[in-house]
Amino acid sequence: MAAPFDLALEALGWVGTAAFATAGALTAARKRMDPVGFLLVAGVTAFGGGALRDLLLGLPVAWLGRPDLAILAACFALAVFFVAPALQRRVALLLWADAAGMAVFAVLGAEVALRAGAAPWVAVLMGVMTASFGGLIRDVICGEIPLILRREIYATAAALGAGGFVALEAMGAGRTVAIATGATLAFLIRAAALGGGWSLPAYGGAAAERGEEP
């Protein structure tokens, strides 16, 4: 029988998958796509980062062995196709669910990399990739500036959470403490950014103010 901590991680993984798929489907709604487009964009958002991580690490693509998660993402994508206007009015709830998913995926992505023998800094990068590259691929497909290239504190939160996990693992803190601390750190940073309107500084030279190329 799975330990309560592992069950909690599994539940948060489902929440994150649903949130990522919903975010992708809402982007498809803004682009006025058909149901196939909804499924594609939602699937890329939910699984793109983890799939890219696994391919770079030479591992089997994890989501291909999890039909339950694929079905979950597909169900949310098709549901959004019919109820997108109602969900768009609840975007704040989606942002918080997305923050929870990001935090968990960043840490679990780093853990996968460590278990595969990657160096600590590579594990942190793989954590960031797991948490954010699905959204990057989604935005590229949909012709938008990727979220991680904007002023949003998102990839930064994922990196700090993954880094905290890797550091605690190296110090022998134990899996439960390392994962819980890393995920909590990532979530709190993202939550502070959402609640306080925090963002990273953007280039603001004179040329930018005049709308010119630097």
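A salt bridge here means a side-chain nitrogen of Lys or Arg within 4 Å of a carboxyl oxygen of Asp or Glu. You're looking at a predicted model, where local features need pLDDT of at least 70, side-chain atom pairs count only at pLDDT 80 or more, and totals for chains, interfaces and linings use all residues. Numbering starts from 1 along each chain as its sequence is written, and side-chain values use heavy atoms, with hydrogens and water left out.

Start by selecting Arg175 and Glu111: their closest N and O atoms sit 2.5 Å apart in a salt bridge. Arg175 is in helix α7 and Glu111 in helix α4, so the pair ties together parts 64 residues apart in sequence. (Helices are DSSP runs of H or I, at least four residues, numbered from the N terminus.) Glu111 is buried at 9% relative accessibility, while Arg175 is partly exposed at 32%; buried means under 20% relative accessible area, exposed over 50%, partly exposed in between, with a 1.4 Å probe and protein chains only.

Next, pick Glu10 and Arg66, another salt bridge, at 2.6 Å between the closest N and O atoms. This one ties helix α1 to the loop between α2 and α3, so it spans 56 residues of sequence.

Finally, head inside and select Met102. Along with Phe165, Met102 touches the most other members of the largest nonpolar core, a set of 55 residues. Such a core is made of buried Ala, Val, Leu, Ile, Met, Phe, Trp, Tyr and Cys residues joined through side-chain atoms within 4.5 Å. Its largest share, 10 residues, comes from α1.

How values were computed:
Helix = DSSP H or I, 4+ residues; strand = E, 2+ residues; numbered from the N terminus.
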